[in-house]
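Hi,

Here is the structure I promised to pass on. Have a look at it first, and my notes follow below.

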Amino acid sequence: MEKCLNQDIQQLKKLEGHTIQVDNALNNLNFIRQSKQLAEKHEWLYHCTTDVALISILKNKELWLSNLKLVNDEEEAKRVDVPEYERTYYICCFTYNPEIPEEHWKEYGNMENGVLIGIKPDWVKRAATFMCGDKNQKCKSKFEIIFNTKRNALEYIIEQQQKGYIVNPFYINAFNFYQVIYDDKLKKNIQGNASMVIDNEKFYGRSLTPEVAGIIKSTKGNSKRFGEVPHEKDWTTEKEVRLKVGIQQYGIFKNGYEIHDNMIMPDVFFPKIAVPFNENAFKTIKIRFSPNFHDKEKFIENITSLLPGNKIDIF
């Protein structure tokens with residue numbers, strides 16, 4: 001492994017002083033910046049779910065995020081086609097407009113027991129835990145720990161090495177709110193082209209802008225949720241903002257695959273992660289009920305019992 005690293009370092013030194021041309025790099029960065037700035041304008045975001053799921057959110061003070069490959073927009077899921085990042089991103093979806101249409105209730109909540117819960121972005125902590133198994137239990141193995149920075153992951157590796165253990169922990173490499181941009185012409189992918197001129201000879205390579213994943217959607221497309229009949233949908237009605245969390249495993253990539261000790265790592269996939277709220281969350285609980293909600297008074301009693309003293313705002 002050390003020999004391979006030294007060879008890579010020598011190759012990199014040969015590139016010193018040369019300019020790498022990356023196609024559309026500036027446009028991609030501006031696109032990402034625009035999405036973040038739009039999301040920052042909203043003091044409150046609204047998450048549509050069921051009454052049972054909301055009780056779980058309030059009780060555990062956490063959100064569950066699904067892997068981007070599992071979204072109900074098939075076209076969007078297929079756009080993340082780079083091995084290094086194919087299963088990296090997890091999202092939780094919100095709307096910035098609480099006046100949601102009936103279709104939104106049916107798809108993400110329920111007409112009889114759906115709720116819209118208000119959430120402030122600054123309530124969310126930069127932390128995450130993998131969910132394991134069919135019952136979505138939190139993973140507790142030291143091999144599945146997610147650190148909040150790459151530096152903390154490296155410190156853990158060194159600590160474990162001193163004890164005689166070899167670990168390759170995960171860490172958060174992206175954590176932001178993004179407003180989804182709807183455009184049929186902007187087909188931005190993670191992968192792009194790069195080039196460099198050395199001694200009058202042009203060399204071509206691959207460039208990656210992973211942060212564009214999960215920001216753009218077509219105006220219309222096929223919605224396919226698990227257990228439901230696919231249907232054509234106007235995505236723009238969702239007025240969507242996403243919390244997007246990137247989880248990367250500490251390691252070395254070659255040809256799109258993660259390598260440790262000259263061995264290709266197994267293809268590990270965690271469908272969900274849990275992201276916690278901080279202590280300031282839900283001091284005010286903003287709730288909107290679905291049109292045919294079955295028992296509002298009883299549900300409010302349950303919340304009051306769970307979080308006594310917190311203000312409940314029915315809007």
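**Pocket, cavities and cores**

The largest pocket comes to about 1200 Å³ in volume. Before going further: this is a predicted model, where local features need pLDDT of at least 70 and side-chain atom pairs count only at pLDDT 80 or more, while totals for chains, interfaces and linings use all residues. Residues are numbered from 1 along each chain as its sequence is written, and side-chain values use heavy atoms, with hydrogens and water left out.

Back to that pocket. Its lining has 37 residues, and Ser66, Leu70, Tyr108, Arg225 and Lys272 sit closest to the centre. By type the lining splits into 15 nonpolar, 9 polar and 13 charged (Ala, Val, Leu, Ile, Met, Phe, Trp, Tyr, Cys and Pro count as nonpolar, Asp, Glu, Lys and Arg as charged, and the others, Gly among them, as polar).

On method: on a 1 Å grid over the protein atoms alone, a pocket is an open set of points with protein on both sides within 12 Å along at least five of seven lines, a cavity is a set where a 1.4 Å probe fits but cannot get out, and lining residues have an atom within 4 Å of a point. Points are joined across faces, edges and corners, and a volume is the space filled by probe spheres set on them.

There are 2 cavities of 30 Å³ or more. The largest cavity is about 70 Å³, and its lining includes Leu68, Glu76, Arg79, Lys188 and Val212. That lining divides into 6 nonpolar, 2 polar and 3 charged residues.

Now the cores (sets of buried Ala, Val, Leu, Ile, Met, Phe, Trp, Tyr and Cys residues joined through side-chain atoms within 4.5 Å; buried is under 20% relative accessible area, exposed over 50%, partly exposed in between, with a 1.4 Å probe and protein chains only). The largest nonpolar core has 49 residues, with Ile247, Ile273 and Phe282 making the most contacts inside it. Apart from that one lies another core of 18 residues, including Ile32, Tyr85, Val212 and Ile216. Leaving aside neighbours within four places in sequence, Phe282 is in contact (heavy atoms within 4.5 Å) with residues including Ile57, Trp123, Phe277 and Asn310.

Lys296 counts as partly exposed because its relative accessibility is 38%.

Finally, confidence: mean pLDDT (the predictor's confidence in each residue, from 0 to 100) is 85 for the chain, and 86% of its residues reach 70 or more. Over residues 1-5 pLDDT stays under 50.

Cheers
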